[in-house]
Structure formats: C-alpha cells, structure tokens
Amino acid sequence: MLVVGRRLRAAGVSAVFVLDGGLLGPEVAEVLLTLARRSESAGAAGRRAIAGIVSRLVGSTAEYSEQYVARFRAAVNPRGSTPIDVRRFTWWSENHHIARADGAVRLVDAVLGHSLECGGQVLLWGHGHAGNVFALLTALLGGDRERITRFFAAAGIYYRWPLVGCVDIPVWQRVCEVLLDDAQRRRLAAAVDIVTFGTPVRYGWHPQGSRRLMHFIHRRAKPRREADLPEEPAAAPPIEDVLAARGGDYYQRYAGGSCEPAPSVFAWRSRMAERRLKRILRIDPPHPPATGPAVPAEGETLLVDYGPAQGDIGEHFAGHAIYTRSEWLLFHAEEVARRFYAADEPAGSTGEPAASGIQ
C-alpha cells in the first residue's frame, strides 16, 4: 500500500472518495424474489434467504465500513508524506434515478470544492449503484450545454418549488451554473478517475466525462447447473446457485433494472422529477444473462474470481459483498495503481521495475 500511495502522489492524486452502493438488503431481496418465481421450491428457499438478509440489515457487511476507509487512509499516508485525503462520500443511496442524480450533483460539488482547495486528481471508488452515480456524473461533466440544461430542467421540480420558483436545494443551482461554463466542466472531467465494484449496468458512460474508467466484477466459472440451462435471454440460474453465489456476483448481473422502486408517494416532487428524468436518461439494459456477465460498454472491465462465498446469503449478498472486504483492499488498490498510474511514476521511485448519458 505504500507503493500504491507513492504512485497516487506521482500521478497527482490528492483525494479518494469512497462511496457505498445503497440499501442492498431490500434490493437483493427483490432480485431473489424475481428469480424465485421459477418454482415453488425456489420460492421457499428465496423466502428463507430474505429472512436471513433482514436479520443482518443493521450490521450489513455489504458496505464500506469506517474501519475500511481508515485503513485505506492510513496505509497510503506514511508519516512525513503529502497526505492523500481518503474519505467516505454519502448520498441518499436509494435505487431510483432522482437519488442517483442528486448524488451525482453533490459529487460534482464535492470534486469542485476539493479542486479549488487542494487541486490534483480525485479518484472515485464506488460499490454497486454508486457506480451509476458516477455514470451520471460523467454525463454531466462530458455533456454539452444543451443536454445539461435539459437534465436540470427535468429535475427542476426536485430542487425548486413550482410556481414560486424558490430554490430549496441550492447545491443544484450552484452546480448547474458551474457546468454551463465549458472551461470549468472540461477541467473537472480531466480531474476525475473512476473505479467501480460490482456496479449493475444501468446508464451509459460519457467517454469525455472522466480521465480514466475501470470496473471490477466478481465472476466465477459457470456452475454446472447453470451451464446446462438453454442459451436464451430469459434463463435464470437455479436459486440454490444464487444463495451460494456459485457463479459470482448475481446482484451485479441481475439488478441493472429489475428492481427500481419509485420515490415515496409522500415525496411528490421527487416522484415527478423521477418520471421526467426517466424520459431523458440514456438507459443501458444489461446484456442477456445467458450471454455472460452484464458489463459496461465503456471503460476497462476486470472479471475477477474472488473464490467461493463465505457464510450465507445474508453475509455475501448473492456474491455482491466481496468487494468491500478489507482483505481485498490491497489487490484492488494495486490493480488501480498499476493500470491507472504506473506510467506517471518516476523511474526507480518505488524499488519496482519501472458516451453520452443524457439523450
């Protein structure tokens, strides 16, 4: 990790923003229910699994803990070095468009604030649907003025009261003004590198919305039962394979669009903004499950076999929790440093050999 820290500094990275994916318990439950409709026995197994998930919701293992972030920060910041700001960035974490849009807008504001204060590159490190927050961020940073105006107009009722026009979420207004400045928008896009972990494919990524982009997806060799299924898009894996995560991350594979509840009926402004955003966002459905893992069309994707799942589905969340485990931090950080920043490192310094998201 000290080598990773040196490579980050040599590349001008001054901050790492770590984002969780969202409310994984209820979402994994909905994926299980979808798959469980294949048979009565599968439904019974799915219900037992859901009960296990619910029992663990308070102490979820499928998110980045404070200890994880603290370990990351300490490992790349030895005494006497120029500090790299490793921090958690929180968003609403709800699985719908307006929550992810709000997260993207607030993240643009955070990157802008850090850039003005410290300068340097910002590495965005996100699990699950946090990657879709990043995808919308690339749409905002890479889009043109017309598409940005359309985005903020569609979401306008969310942050501005209708009729009276009073803005009650000022960060949206502030970010809109920044993004309409072409020079500032391009500068922010060039300052952002992105890595995602187990992100379900939901939106397109704008190629000019970040400097670098990479995705990790947990994928094991196809289980025998699954390999014997007919090759058709509707084929779903046996529920027992999902419960044991025999094929890897089933949540990433099946949660691209199957589980998307609308905002609460009491949040009527959010519901209206949700409908309007849905009309203008570029939605990228995942590839049919029978053809393999759903992978983004943009960026580099690493299919990684993390080994058999440990514990029950309430601990591994259909293979989706593996990325947040501290024992894989070194592997992930080394891969990111090697693939993103090795060329930026001065020779001999470590002792080692030297698309638019808005239509």
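## Salt bridges

D102 and R106 both lie in helix α5, four residues apart, which is about one turn of the helix; helices are DSSP runs of H or I with at least four residues, strands are runs of E with at least two, and both are numbered from the N terminus. Their side chains meet in a salt bridge with an N to O distance of 2.7 Å, the criterion being a side-chain nitrogen of Lys or Arg within 4 Å of a carboxyl oxygen of Asp or Glu. D102 is buried at 1% relative accessible area, whereas R106 is partly exposed at 30% (buried: under 20%; exposed: over 50%; partly exposed: in between; 1.4 Å probe, protein chains only). This is a predicted model, in which local features need pLDDT of at least 70 and side-chain atom pairs count only at pLDDT 80 or more, while totals for chains, interfaces and linings use all residues. Residues are numbered from 1 along each chain as its sequence is written, and side-chain values use heavy atoms, with hydrogens and water left out.

The count of salt bridges comes to 16. One of them joins R269 and D168, whose closest N and O atoms are 2.9 Å apart. This pair links distant parts of the chain, 101 residues apart: R269 belongs to helix α14 (residues 268–280) and D168 to the loop between α8 and α9. R269 is buried, at 11% relative accessible area, and D168 is partly exposed, at 37%. D305 and R220 also meet in a salt bridge, at 2.8 Å from N to O. Here the loop between β6 (300–304) and α15 (313–316), which holds D305, is linked to the loop between β5 (212–218) and α11 (224–227), which holds R220; the two residues are 85 apart. Both count as partly exposed, D305 at 42% and R220 at 23%. Shared partners join the salt bridges of E300, E335, R338 and R339 into one network.

## Aromatic pairs

The structure holds 19 aromatic pairs (rings of Phe, Tyr and Trp, the last by its six-membered ring, with centres within 6.5 Å; planes under 30 degrees apart are stacked, over 60 edge-to-face, the rest tilted). Y159 and W172 are stacked, with 5.2 Å between centres and 15 degrees between planes. This pair connects helix α8, which contains Y159, with helix α9, which contains W172, across 13 residues. Y159 is buried at 2%, and W172 is buried at 0%.

Y306 and W328 are edge-to-face, at 4.8 Å centre to centre and 80 degrees. Y306 is buried at 7%, while W328 is partly exposed at 22%. Both belong to one aromatic cluster, which also includes F72, W125, F197, F216, Y323 and F331.

## Nonpolar cores and surface

The largest nonpolar core has 51 residues, of which F17, L107, L124, F151, F152, W172 and L277 touch the most other members; a core is a set of buried Ala, Val, Leu, Ile, Met, Phe, Trp, Tyr and Cys residues joined through side-chain atoms within 4.5 Å. Helix α5 (residues 97–117) gives the most to this core, with 10 residues. Another core, of 31 residues, lies apart from it and has V4, A11, I322 and Y323 among its members.

V164 counts as exposed, at 65% relative accessibility, and lies in the loop between α8 (156–159) and α9 (170–179).

## Cysteines

The structure holds zero disulfides (pairs of cysteine sulfur atoms within 2.5 Å). C118 is partly exposed at 49%, as is C166 at 43%.
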